[in-house]
Amino acid sequence: MALFDTETRRSGDAATRALSVTTVETDFVEKVYQNIAKVYDYTYGPTLHPGRLEAIEKMAIRPGTHVLEVGVGTGINLSLYPRNCRVTGIDLSSKMLERAQERIDSKGLHHCELAEMDATQLKFADNSFDVVYAPYVISVVPDPVAVAREMYRVCRPGGRVIILNHFKSANPLMGRIERAISPMTVHIGFTADLDLPAFLAQADLHPVSMEKVNVPRMWTLVTVVKD
Ligand SMILES: C[S@@+](CC[C@H](N)C(=O)[O-])C[C@H]1O[C@@H](n2cnc3c(N)ncnc32)[C@H](O)[C@@H]1O
């Protein structure tokens, strides 16, 4: 894991500045999630759940909608989708996916299917999905911009790209704390200081809405409609 922390990289305008003070490699992220798969639902389950519920409610998924969930993990969202839609969930971690498959089997979630895949190289054709959703993933991956571009590519025109995530606070003190702890938080699966304006500028995303979710309301639900 490399660390770059110079003022030069952090400053500058949104189109060019570093998204975080930390960088991680895909192998490192995969190892972290292979290790925490067994405890994920206890550690990241209840605290992040209000945001998951708000996101699904806001999506107002109609019958027949095909949803791609990027970074589906243990499948904690799967039972929240209406059964009259179709859900494809992808993840890098085989151990997280094993848990998701157990959930599908035990709950009879026949509208859901899974695939092991890297979100930076989605094996789907352009314009394949009505909704492409990444809950709590974009600050986990080494290259958030590449993931966002892939999400946009596989979303159909008029469809929605939805990102639920924690981003660096606009409050200067909180922002400094998040930046300071980010090199530590990567070891438990995420960067704490992802810069939202820089991410949106570099991924060329133009949200139609951005709402604060969870308690405290420190996470953001970003909705983009593909042109
Ligand atoms: C914090 S968990 C989120 C799980 C679930 N979406 C939720 O709501 O709790 C992040 C997930 O992203 C996955 N992930 C990390 N990097 C990835 C990548 N490059 N491609 C696909 N999945 C990735 C991890 O394996 C992990 O399951």
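## A first look around the ligand and the fold

The shell of residues around the ligand divides into 14 nonpolar, seven polar and three charged ones. Here Ala, Val, Leu, Ile, Met, Phe, Trp, Tyr, Cys and Pro count as nonpolar, Asp, Glu, Lys and Arg as charged, and the others, Gly among them, as polar. Keep in mind that this is a predicted model: local features need pLDDT of at least 70, side-chain atom pairs count only at pLDDT 80 or more, and totals for chains, interfaces and linings use all residues. Residue numbers start from 1 along each chain, as its sequence is written.

**Around the ligand**

- In total, 24 residues surround the ligand, and the closest are Tyr 33, Gly 71, Gly 73, Ser 93 and Ala 119. A residue is near a molecule or strand if its C-beta atom, placed from the backbone, lies within 6 Å of it.
- The largest share, three residues, comes from α2.

**The overall build**

- The protein's secondary structure comes to eight helices and seven strands.
- Along its principal axes, the C-alpha trace spans about 50 × 40 × 35 Å.
- Of the 227 residues, 40% count as buried. A residue is buried if 20 or more other C-beta atoms lie within 10 Å of its own, exposed if 12 or fewer, and partly exposed in between, with C-beta atoms placed from the backbone.
- Among contacts with a separation of 6 or more, 69% come from residues 24 or more positions apart. A contact here is two residues whose C-beta atoms, placed from the backbone, lie within 7 Å.

**The sheet**

- Seven strands make up an open sheet with mixed pairing, and their order is β3-β2-β1-β4-β5-β7-β6. Two strands pair if DSSP finds at least two bridges between them.
- At the edges sit β3 (112-116) and β6 (209-213), each pairing on one side only.
- On average, neighbouring strands are turned by 20° against each other, direction ignored. The axes are lines fitted to C-alpha atoms (for helices over the stretch in contact), and angles run from 0 to 180 degrees between N-to-C directions.
- β5 (residues 155-166) has nine of its twelve residues buried, so this strand is largely enclosed by the rest of the structure.
- β4 and β5 run parallel where they pair, over six bridges, and Phe 129 has Cys 155 in β5 as its bridge partner.
- β6 pairs with β7 (residues 219-225) in the antiparallel sense over five bridges, with Lys 212 standing opposite Thr 220 in β7.
- The loop between β6 and β7 holds Pro 216, and the peptide bond from Val 215 to Pro 216 is cis, with omega near -5°.

**Helix α8 and what comes after**

- Helix α8 (residues 196-203) has Leu 196, Ala 198, Phe 199, Leu 200 and Ala 203 as its buried residues.
- Those buried residues pack against α6 (144-154) and β7.
- Next comes Asp 204, which follows α8 and lies in the loop between α8 and β6.
- Asp 204 is exposed, with 12 other C-beta atoms within 10 Å.

- Most residues other than glycine have a negative phi, and most peptide bonds are trans.
- Asp 204, which is not a glycine, has a positive phi near 55°.
- Tyr 136 is another non-glycine with a positive phi, about 60°; this residue is found in the loop between β4 (129-135) and α6.
- Tyr 136 is buried, with 21 other C-beta atoms within 10 Å.
- Tyr 81 sits in the loop between β1 (66-70) and β2 and is buried too, with 22 other C-beta atoms within 10 Å.
- Leaving out residues up to four places away in sequence, Tyr 81 touches Ile 56, Ile 61, Val 67 and Val 87.
- From Tyr 81 to Met 117 there are 36 residues in sequence and 21 Å in space, C-alpha to C-alpha.

How values were computed: Helix = DSSP H or I, 4+ residues; strand = E, 2+ residues; numbered from the N terminus.
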